[in-house]
Amino acid sequence: MKRTVLAALAAFMMEGILAGTAGAAPDALDKRVSLDLRGATAEEAFKSLARVAGVQITAEGLSGDVTLELENVRVRTILTALCDNLGCKWDLQAGNPPKLRITPLPEGERPAPQVKPSAAALDSPIDLKVTDASVRDILETVGQIMSARTFVDSGVEGKVSLELDNLPLRDVLDTLCRASKCAWSFDEDRGILSVKPKV
């Protein structure tokens, strides 16, 4: 199935999805953090994220286990990815420190379990139109499209303007890496997309 990433993608990647109280404590949401969790409960995962982000949290009624290995990713991106997978919603309320609230979605609104990402996803065509967008953010978004865990080395940086039509994801990754002098690889067994500076 063809997927479209609209011109507003750059703005989405910078602003993220904030449920309820848009604009509350944006600094906490934009902070980049690193997490390494293996077999943690959903509640433990959110509490670990809140701890490194410097916010208070209430998270009750969540189920499921989480394994995360994320480096230098925005708090809002991790929150949205976790809730997409666990069937919950979140909102952040202003305060000192800010308060993060995680609540389960009603049973009928919870997403179906995600299929393990495969190399075949790299052949899925997308349209990509961005102006002066962060390469890191686009790479993380490509990983989300693939449902893959994404690790972008801190040495990968820069901004790009692109207009790509009906291009497979692997070619999008090649184009991005040519522009930012990086190299990407996909570990199908672990479902991990890795991007590092080209040596």
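Reader: Why is Asp 132 called partly exposed?

Author: The relative accessibility of Asp 132 is 49%. Buried means under 20% relative accessible area, exposed means over 50%, and partly exposed is in between, with a 1.4 Å probe and protein chains only. Asp 132 therefore counts as partly exposed. The model is predicted: local features need pLDDT of at least 70, side-chain atom pairs count only at pLDDT 80 or more, and totals for chains, interfaces and linings use all residues. Residues are numbered from 1 along each chain as its sequence is written, and side-chain values use heavy atoms, with hydrogens and water left out.

Reader: Which values describe Asn 166 in strand β9, and what makes it partly exposed?

Author: Asn 166, in strand β9 (residues 159-168), likewise has a positive phi near 50 degrees without being glycine. Its relative accessibility is 45%, so Asn 166 counts as partly exposed.

Reader: How do you know that Cys 83 and Cys 88 form a disulfide?

Author: A disulfide is a pair of cysteine sulfur atoms within 2.5 Å. The sulfur atoms of Cys 83 and Cys 88 are 2.3 Å apart, and the two residues form a disulfide. The torsion about their S-S bond is about -100 degrees, so this disulfide is left-handed. Both cysteines are buried.

Reader: How many disulfides does the structure hold, and what pattern do they follow?

Author: There are two. Cys 177 is joined to Cys 182 by a disulfide with an S to S distance of 2.3 Å. The torsion about the S-S bond of Cys 177 and Cys 182 is about -100 degrees, so this disulfide is left-handed. Cys 177 is buried because its relative accessibility is 6%, and Cys 182 is buried because its value is 2%. With bonded cysteines counted along the chain, the pattern is 1-2, 3-4.

Reader: What makes β5 and β6 a pair?

Author: Two strands pair if DSSP finds at least two bridges between them. Strand β5 (residues 88-93) and strand β6 (residues 99-104) have six bridges and pair in the antiparallel sense. Cys 88 has Pro 104 of β6 as its bridge partner. Five residues form the hairpin that joins β5 to β6.

Reader: Which strands make up the sheet that contains β8, and in what order?

Author: This open sheet of three strands has the order β8-β11-β10, with mixed pairing. Its edge strands are β8 and β10 (182-187), each of which pairs on one side only. Neighbouring strands are turned by 15 degrees against each other on average, direction ignored. Strands β8 and β11 (residues 192-197) run parallel and are joined by four bridges. Helix α5 (residues 135-146) packs on the sheet, touching β8, β10 and β11, and its direction makes about 160 degrees with that of β8. Axes are lines fitted to C-alpha atoms, for helices over the stretch in contact, and angles run from 0 to 180 degrees between N-to-C directions. Helix α6 (residues 169-180) lies across β10 and β11 and runs at about 150 degrees to β10.

Reader: Why is Thr 150 called buried, and what does it stand opposite?

Author: Thr 150 has a relative accessible area of 7% and is therefore buried. Within strand β8 (residues 149-152), Thr 150 stands opposite Leu 193 of β11. A polar atom of the Thr 150 side chain lies 3.4 Å from the backbone oxygen of Ala 148.

Reader: What makes Ser 48 buried, and with which residues is it in contact beyond its sequence neighbours?

Author: Ser 48, placed in helix α3 (residues 42-53), counts as buried because its relative accessibility is 12%. Contact means heavy atoms within 4.5 Å. Neighbours within four places in sequence aside, Ser 48 is in contact with Leu 35 and Leu 37. Leu 35 is 13 residues away along the chain, and its C-alpha atom is separated from that of Ser 48 by 7.9 Å.

Reader: How many helices and strands does the protein have, and what share of its residues is buried?

Author: The protein has six helices and eleven strands, and 44% of its 199 residues count as buried.

Key:
Helix = DSSP H or I, 4+ residues; strand = E, 2+ residues; numbered from the N terminus. Polar contact = N/O pair within 3.5 Å; in protein donor to acceptor, adjacent residues only side chain to side chain.
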